[in-house]
Amino acid sequence: MVGCIHLVRFPVWAYRWLGKAQGSYIVVHHDRVLSATPDLDRRGVVVGMSATRALGVAPHAAVYPSDPILEQHAQEALFRTVHGWTPFMREVGQGHFFFNAEDLEPLDDWCAEHRVPMGWARSQPLAELAALRAQPGRILRITESVTGHFFDRYPTERLRPHIIPHDIVDRLALFGLRTLGHIRRHLTPKQLTDQFGGAITPLLHYLWPKPDVPIPISLPPARLFITSDDFTEPITQTEDLTTYLPALAQRAETELASREAWRLDVYVAIRQ
């Protein structure tokens with residue numbers, strides 16, 4: 001069986017994961033909403049909306065800037081967490097992982113604590129759909145016996161915009177295709193593509209999946225260790241630096257402990 005985490009609100013989740021925010025808030029980039037907490041979504045705050053308009057809809061909301069460094073730290077922490085469960089994992093993108101998962105009992109508490117929705121199914125596409133459908137803090141388990149029921153109750157509305165665009169979802173609704181079950185029963189892949197064009201192609205991967213590519217063994221990302229020291233006296237000659245290098249090297253070796261280092265960089269900063 002396969003587990004999946006797919007955090008479509010990753011910029012918002014990263015702030016919460018690292019303890020930088022709580023309550024209702026939006027993350028903005030160039031004054032446009034990049035992500036919002038679920039309660040603000042329900043109130044009408046949508047991705048791409050101006051921050052000014054979003055605050056008009058939800059004046060109580062806090063506003064945080066997009067922070068790539070914070071998001072990278074959250075991504076690395078999430079990678080290490082999943083890797084702690086199993087080395088058989090694939091990092092697809094920001095907040096998006098597949099992993100082999102047979103025993104989910106230890107993960108229930110973790111998902112609840114960190115408000116992470118998770119999917120679990122026999123294949124990667126089905127596990128991802130379950131992750132996108134799951135409630136925050138819950139694991140949605142899709143077994144063989146309930147797969148048909150799952151598709152019948154899966155609204156196409158939940159596919160926008162991370163799988164198919166808004167306009168395609170609206171066009172599907174005009175044809176009465178409001179659930180994935182409706183689509184699978186009434187259309188073939190060719191009919192779907194002929195009617196809706198290339199924009200519908202990603203959906204085919206979920207409705208008529210090909211055999212999974214095996215999940216490989218993954219290694220944790222490299223971590224950067226920095227150690228520094230201030231000169232006790234002004235340095236006038238390059239040779240004088242050599243008196244400080246042994247102490248810095250010893251400190252770096254202590255911090256690395258049993259880890260391996262592939263590169264050592266030395267920087268000298270001039271302070272006025």
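## Helix α12

Helix α12 comprises 12 residues, 245-256, and at 1.5 Å a residue it should span 16 Å, which agrees with the 16 Å that separate its end C-alpha atoms; the expected span is taken as 1.5 Å times one less than the number of residues. Helices here are DSSP runs of H or I with at least four residues and strands are runs of E with at least two, both numbered from the N terminus. Just after α12, A257 adopts a positive phi of about 55 degrees.

The model is predicted, so local features need pLDDT of at least 70 and side-chain atom pairs count only at pLDDT 80 or more, while totals for chains, interfaces and linings use all residues. Residues are numbered from 1 along each chain as its sequence is written, and side-chain values use heavy atoms, with hydrogens and water left out.

## The sheet of five strands

Five strands, in the order β5-β6-β1-β7-β8, make up an open sheet with mixed pairing, where two strands pair if DSSP finds at least two bridges between them. At its edges stand β5 (89-93) and β8 (139-141), each of which pairs on one side only. Neighbouring strands are turned by 20 degrees against each other on average, direction ignored.

Strand β7 (residues 118-121) runs parallel to β8 and is joined to it by 3 bridges, with R141 in β8 as the bridge partner of W120. Helix α4 (residues 68-85) packs on this sheet, touching β1 (2-6), β5, β6 (96-100) and β7, and its direction makes about 155 degrees with that of β5. Contact means heavy atoms within 4.5 Å; axes are lines fitted to C-alpha atoms, for helices over the stretch in contact, and angles run from 0 to 180 degrees between N-to-C directions.

## The sheet of three strands

A further open sheet has 3 strands in the order β3-β2-β4, again with mixed pairing. Because β3 and β4 (62-65) stand at the edges with a single partner strand each, one side of each is left without a neighbour in the sheet. The twist averages 40 degrees from one strand to the next.

Strand β2 (residues 25-29) pairs with β3 in the antiparallel sense over 4 bridges, and V28 stands opposite V33 in β3. Helix α1 packs on the sheet, where it touches β2, β3 and β4, its direction making about 120 degrees with that of β2.

## The second largest pocket

The lining of the second largest pocket draws at least two residues from each of α1 (10-17), β3 (32-36), α2 (38-43) and α6 (124-133). It is lined by 31 residues, of which V8, R9, A36, P38 and D41 lie nearest its centre.

Key
1 Å grid on protein atoms, 1.4 Å probe; cavity = no way out; pocket = protein on both sides within 12 Å on 5 of 7 lines; lining within 4 Å.
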